[in-house]
Amino acid sequence: MKKFKEKLHIYKNKKILITGHTGFKGSWLSFWLNSLGAKIYGISNNIPTKPSFFKVCGVDKFSKSFFFNIKNNIKLKKTINKIKPDFIFHLAAQSLVSKSYEDPNNTWETNLTGTKNILESLLDYKNQCYVIIITSDKCYKNIETHRPYNEKDILGGVDPYSASKASAEILFNSYFQSFFKNNKYVSLATARAGNVIGGGDWALDRLIPDCVKLWSENKKVEIRSPKATRPWQHVLEALSGYLLLGYHLKKDKKVSGESFNFGPDLRKSYNVEKILRLAQNNWEFSNWVIKKRQNIKFKEAKLLSLNSAKARKILKWKINLKINDIIKIVILWYRTYYFNKKDLVKITKKQLNFFENLS
């Protein structure tokens, strides 16, 4: 059986198109694939945060970027035909639940229409291409059961973000069954992962990014829900799943049309307070207090976990990092950013190599 690092050789010298390549996961994926010798192309509407991993780790220097909205189906198709990618990773999305309430129309158009445009652009594509559509763990109808969701569970969503991701999955299945099932050029699958953490995330309402920003200024953090449990997973764990999925799409036609969960180890769960205690061990000033936030304008899911047995069995994917290691390398990345920026790319490469060797 080939080892993980050997499987990654499949991407060397290949043209990789990443939509949403300026985002947190998209930038990390671009950085990783570039280290494997791939040729990186990206489509994004903008750089979503300032600062951004995309800029501080130099992804903008080695990627060929096309800045436009994937809602523009004509431009999207022309760009894909111009690049002629070997692999496509579709990550472009409006990814925040809170923002989906503020701007539901943009959320639906980006997440559903954007995915439709990707699929439409490939209907008459005449080059071999392997496509990974990234959706979300929130695509499942969440009844807040303690049982983790598997790929056969009912799709659904209350908030606009979750509903749009569930709809993107239904859309994908419809297009696959109707147009791609017997397509000899395009193979495609979807990936469902939950929230991930890692250095370089500056999105709104993220626990660790919010904490380290304040701690870097010697300020105290106010925590709303210290006992809330979340599916903590390092960004490289999810991305390794996407890369393995691309490998198996190329090697086995039977994988085309399938969906895969990529979630953390279900045997161990950690609440916010535990994560903060671990973070404190790696940050000199790390003070926090509990404060109840009032007037929450949207429903927050209390329970949501994934059953990743299918990915483990078919793709041979597994979780490699323990929670102590995750928090340690995440905090180290942010400490390097705030206090020693010149070593940031070096630290990022070191963490990537560490993860590859673990796998």
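In the predicted model, helices α5 (residues 73-83) and α7 cross at roughly 45°, and their axes come within 9 Å. On the α5 side, the contact is formed by Asn-73, Leu-76, Lys-77 and Ile-80, which meet Asn-117, Ile-118 and Ser-121 of α7. By class, the contact of α5 with α7 comprises three nonpolar, three polar and one charged residues.

Helix α7 (residues 104-121) also packs against helix α8 (residues 160-180), at an angle of about 15° and with the two axes 9 Å apart. Because angles under 35 degrees count as roughly parallel, α7 is assigned as roughly parallel to α8. Here too a right-handed crossing is found, with α7 passing α8. The α7 residues involved are Pro-104, Thr-107, Trp-108, Asn-111, Leu-112, Thr-115, Lys-116, Leu-119 and Glu-120. Their partners in α8 include Pro-160, Tyr-161, Ala-163, Ser-164, Leu-171, Phe-172, Tyr-175 and Phe-180. The residues of the contact of α7 with α8 divide into 12 nonpolar, five polar and three charged.

In helix α11 (residues 272-280), the buried residues are Val-272, Glu-273, Ile-275, Leu-276, Leu-278 and Ala-279. At the start of α11, the backbone nitrogen of Glu-273 lies within 3.2 Å of a side-chain oxygen of Asn-271.

Particular backbone geometries are found in several loops. Lys-50 and Pro-51 are joined by a cis peptide bond, with omega of about 5°. Pro-51 is located in the loop between β2 (39-44) and α3 (53-56). Lys-84, although not a glycine, has a positive phi of about 55°, and is found in the loop between α5 and β4 (87-90). The relative accessibility of Lys-84 is 43%, so this residue counts as partly exposed. A positive phi, near 55°, is likewise assigned to Asp-205, a residue other than glycine. Asp-205 lies in the loop between β6 (186-193) and α9. With 53% relative accessibility, Asp-205 counts as exposed, the threshold for this class being over 50%.

Methods: Residues numbered from 1 in each chain as written. Predicted model: local features only at pLDDT ≥ 70, side-chain atom pairs only at ≥ 80, totals over all residues. Heavy atoms only, no water. Axes fitted to C-alpha atoms, helices over the stretch in contact; angles between N-to-C directions. Helix = DSSP H or I, 4+ residues; strand = E, 2+ residues; numbered from the N terminus. Parallel < 35°, antiparallel > 145°, perpendicular 65-115°, else oblique. Left-handed = near helix turned anticlockwise from the far one by under 90°. Contact = heavy atoms within 4.5 Å. Nonpolar A, V, L, I, M, F, W, Y, C, P; charged D, E, K, R; others polar. Buried < 20%, exposed > 50% of the residue type's maximum accessible area, 1.4 Å probe, protein only. Polar contact = N/O pair within 3.5 Å; in protein donor to acceptor, adjacent residues only side chain to side chain.
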